[in-house]
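Subject: Structure for you to look through

Dear colleague,

I am handing over the structure that we talked about, and below it you will find my notes on what was found in it. Please read them with the model open beside you.

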Amino acid sequence: MNCWHCERTAYGTCIFCGRALCKDHVREMPHIVALYRDGRGDHRAIVTVRALYCGVCEPREDPVALPELG
Ligand SMILES: [Zn+2]
Ligand SMILES: [Zn+2]
């Protein structure tokens with residue numbers, strides 16, 4: 001698989017959209033891996049700070065509200 005931006009061999013893939021990325025074009029962005037409720041019923045998020053990001057697909061900075069979880 002080659003980089004989405006150029007034709008070089010990909011190093012990884014964007015965690016948000018799956019585009020392949022070489023080392024020159026890969027970017028990093030915080031990513032929420034999982035949401036869960038703790039023992040008191042509060043919502044918690046597990047976040048990885050340096051997820052691979054393609055720079056193209058523009059994930060939203062603010063987590064999208066999921067009212068059905070409440
Ligand atoms: Zn590239
Ligand atoms: Zn992407």
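The protein chain has 0 helices and 4 strands, and if you read along the sequence the order is β-β-β-β. Please keep in mind throughout that this is a predicted model.

As for the overall form, the radius of gyration of the protein chain is 15 Å, well over the 11 Å that the globule rule gives for 70 residues, so the chain is more spread out than a compact globule. The C-alpha trace spans about 50 × 20 × 15 Å along its principal axes, and buried residues account for 17% of the 70 residues. Of the contacts in the chain with a separation of 6 or more, 36% are between residues 24 or more positions apart.

Among the strands, β3 (residues 27–37) and β4 (residues 43–53) run antiparallel and are joined by 9 bridges, and one residue you can look up is Arg27, whose bridge partner in β4 is Tyr53. The hairpin that these two strands form has 5 residues between the strands, and Gly41 there takes a positive phi near 85 degrees.

Which residues hold the zinc ion (ligand 1)? This ion is coordinated by Cys3 (SG), Cys6 (SG), Cys22 (SG) and His25 (ND1), at 2.0 to 2.3 Å, and the donors follow the spacing C-x2-C-x15-C-x2-H along the chain. The angles among the 4 donor atoms are 101 to 115 degrees, and the site is tetrahedral. For comparison, the ideal angle for four tetrahedral donors is 109.5 degrees. Cys3 and Cys6 are both buried; Cys6 is classed this way because its relative accessible area is 15%, where the cut-off is under 20%.

The zinc ion (ligand 2) has Cys14 (SG), Cys17 (SG), Cys54 (SG) and Cys57 (SG) as its protein donors, lying 2.3 Å from it, and with angles of 104 to 114 degrees among its 4 donor atoms this site is tetrahedral. In sequence, these donor residues are spaced C-x2-C-x36-C-x2-C. Distant parts of the chain are linked here, since Cys14 lies in the loop between β1 (12–13) and β2 (20–21), whereas Cys54 lies in the segment after β4, 40 residues apart. Cys14 and Cys54 are both buried, while Cys57, at 27% relative accessibility, counts as partly exposed.

Key: Residues numbered from 1 in each chain as written. Chains lettered and ligands numbered in written order. Predicted model: local features only at pLDDT ≥ 70, side-chain atom pairs only at ≥ 80, totals over all residues. Heavy atoms only, no water. Buried < 20%, exposed > 50% of the residue type's maximum accessible area, 1.4 Å probe, protein only. Donors = N, O, S within 2.8 Å, 3.2 Å for Na, K, Ca; no water. Tetrahedral: all angles 85-135°; square planar, octahedral: opposite > 155°, others 65-115°. Pairing = 2+ DSSP bridges. Rg over C-alpha atoms; globule rule 2.2 N^0.38 Å. Contact = heavy atoms within 4.5 Å.
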